[in-house]
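Biologist: Please show me the two-chain model. I would like to go through it by question and answer.

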Amino acid sequence: MDAELILIQLFSGVALGAILVITALGLSIIFGMLGVVNFAHGALFMIGAYAGLWVASLTGSFWWGLLVAPIMIGVFGMAIEWLLVRPLYGRSVDDPLLLTFGLSYVLVEAVRIVFGNDGIPFPTPSQLTGVANLGVGYFPIYRLFVIVVVAVVLLLLWLALEKTKFGLIVRAGSRDPTIMRVLGVNISKVWLLVFGVGVGLAALGGVLAGPMRTVNPEMGSLVLIEAFVVTVIGGLGSLLGSVVAGLLVGVAISMTALFAPEMGTIVMFALMALVLLVRPRGLFGKAA
Amino acid sequence: MERDMTVKSIPLAATSSGARKATDLAAALTNWRVLLSIAALCLLPWVLPSKALAVNVLVYGVLAMGYNLLFGYTGLLSFGHAAFFGAGAYVTGIAIGQFGVPWYGAVLLGVIGGGLLALAIGALSIRTRGIYFSMVTLALAQLVYHVALQASSWTGGENGLRGFTVAKIDIAGFSINFLDPVSKYYVLMVFAALALWFVSRILNSPFGAAIEAIRENETRARTCGYDVERTKLISFVLSGLICALAGTMSALHLAFVPLDVLHYQTSGMIVMMTLLGGASSFFGPFVGALAFLLMEDVFSLWTSHWQIIVGSIFILFVLFLPKGIWGTFLARVVR
């Protein structure tokens, strides 16, 4: 086992982790703001991949798919919040979870009806095929691209949350929505938008993951569980936690795959169990 | 929750004859719940379109009932109960097929195996609160799924576990042909009856009052001196034991354990059945299992995409009838 192989595998882990980060971040933003765990997150990730594929085949360009699909699915997410999740505010915290679970069931079947049960290959855009020499070895360009896109989105998200007036409202609203209402802020509009952004991030994760695996109706269920593991490790509602834990899980999976391929998924759960034993609220979670 | 309780106590004060009749009916339903359930189950195979459907109602009814102890009565939304159902099924299958254990020993081992797994998963997951609990139980159950997938020399991996057909049940000098659908149903019904009695006994005990106290207000229960963590863990394990029993019933019934029993879709189905029927009611889980399986039976004749219909109905229930079929019936007719 030489150092080069380990370094390349480390890069693979970061690329895998980047997809996890963007997906878990969507889950975490929605929870932090609305207190809702979106069980349909995996299904929306999958629908994002299909939407990306559909737009790309319609326009003949991957770039349009990458740009348009997350916005499309984000708007769809806003419709979900408005129609289905909103009537449940003020009821038990379990109700939105149950509802979005039922929704994931419906979404997966709907995709099966429209696109069929079989996986569809998502071609890597021609500009991003091939490998690049990183000095230590060759690495697929597309995976580097994924890392860069996620880094840019993270930066934009951070700027939006920390440096804009809207970000200020979002952060204050997650602390105390009642006070925000008293101050005259229309918090329902903020929630609608936050739900849309969270779902859009899941869809972006789906489009980015498309060329790295085949697109199929089942691809969301594993992603949902991976996103759960990441948010539990990082601490639900903590954005920094999602980023750190996502990369950690990605690297852990790909490093394990190097030594024992069949243990890749299991190691992720072992990591979560360990965190739960030592620090039940997650690495960056606030005390209950 | 607190407001709910005061609203409920008002009708008790009203003494119109109609209200009294309704309370009498509610009391009779509660006092005779085990016998009433058994009587209904005795009739089931002759009412439903097929004997196989009736056996499934037994298996999934017991499963949902075990789950309801934790979800409906303790207020913990687990998304990982497929693990205990699957553990019961796999341990029973492996015990019979690979170790030649007689059926009663295998059932006992299956229940114990599921209980031990529930102890391990419960001990880890009750350390977390609220919404975390659902996510952690789901993730740990997926871990069990992946372990079963990898340990294919024991579990048969993706192909599932086969080769442990129980052809006859010998008991007290009698030999019952287990391949005959009707006798199979009534043998499995004995297990279901035991589970019904066990759950009813738990709910009538002080422990039953303690778990409901935790569901209504955890802080208050803690202040009253209950050991909340221990009570939750015991409830988790009891619930796991009953779900494991359902797993052993399923293994005996099918003589096959598909890997899918451990999949999170199974956990989700348990949640759906319980909520459709009515969580935190004694008859609810059986009603829910019956309703779900009937829907599957009917809709799958029309379309292979029956899950889209069941999923939509489930969404409508969460939105408009969160008490489920039986819970709504109780609220509208009885109270």
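Modeller: One term first: two strands pair if DSSP finds at least two bridges between them. Helices (H or I, at least four residues) and strands (E, at least two) are DSSP runs, numbered from the N terminus. This is a predicted model, where local features need pLDDT of at least 70, side-chain atom pairs count only at pLDDT 80 or more, and totals for chains, interfaces and linings use all residues. Residues are numbered from 1 along each chain as its sequence is written, while chains are lettered from A and ligands numbered from 1 in the order in which they are written.

Biologist: Which residue takes a positive phi in the hairpin of β1(B) and β2(B)?

Modeller: Strands β1 (residues 168-171) and β2 (residues 174-177) of chain B run antiparallel, joined by four bridges. Ile169(B) stands opposite Ile176(B) in β2(B). Two residues lie between the strands, and the positive phi, near 50°, belongs to Ala172(B).

Biologist: How many helices and strands are there in chain B?

Modeller: The C-alpha trace of chain B spans about 60 × 45 × 45 Å along its principal axes. Its secondary structure comes to 16 helices and two strands.

Biologist: What is the radius of gyration of chain B?

Modeller: The radius is taken over C-alpha atoms, and the globule rule is 2.2 Å times the number of residues to the power 0.38. For 335 residues, a compact globule would come near 20 Å. Chain B agrees, with 20 Å.

Biologist: And which radius of gyration does chain A have?

Modeller: Chain A has 11 helices and two strands. With 288 residues, a compact globule would have a radius near 19 Å. Chain A agrees with that, at 19 Å.

Biologist: How many residues of α1(A) are buried?

Modeller: A residue is buried if 20 or more other C-beta atoms lie within 10 Å of its own, exposed if 12 or fewer, and partly exposed in between; C-beta atoms are placed from the backbone. Across chain A, buried residues make up 50% of the 288 residues. Helix α1(A) is largely enclosed by the rest of the structure, because its buried residues, out of 32, number 23.

Biologist: Which element gives the most to the side of chain A that touches chain B?

Modeller: Two residues are in contact if their C-beta atoms, placed from the backbone, lie within 7 Å. By that rule, 33 residues of chain A contact 33 residues of chain B. Elements giving two or more residues to the chain A side are α9 (219-234), α11 (264-278) and α4 (94-115) of chain A. The most, 14 residues, comes from α4(A).

Biologist: Which elements do the buried residues of α3(B) pack against?

Modeller: In α3(B), the buried residues are Ser37(B), Leu41(B) and Pro45(B). They pack against three elements of chain B: α4 (51-73), α9 (181-204) and α14 (284-302).
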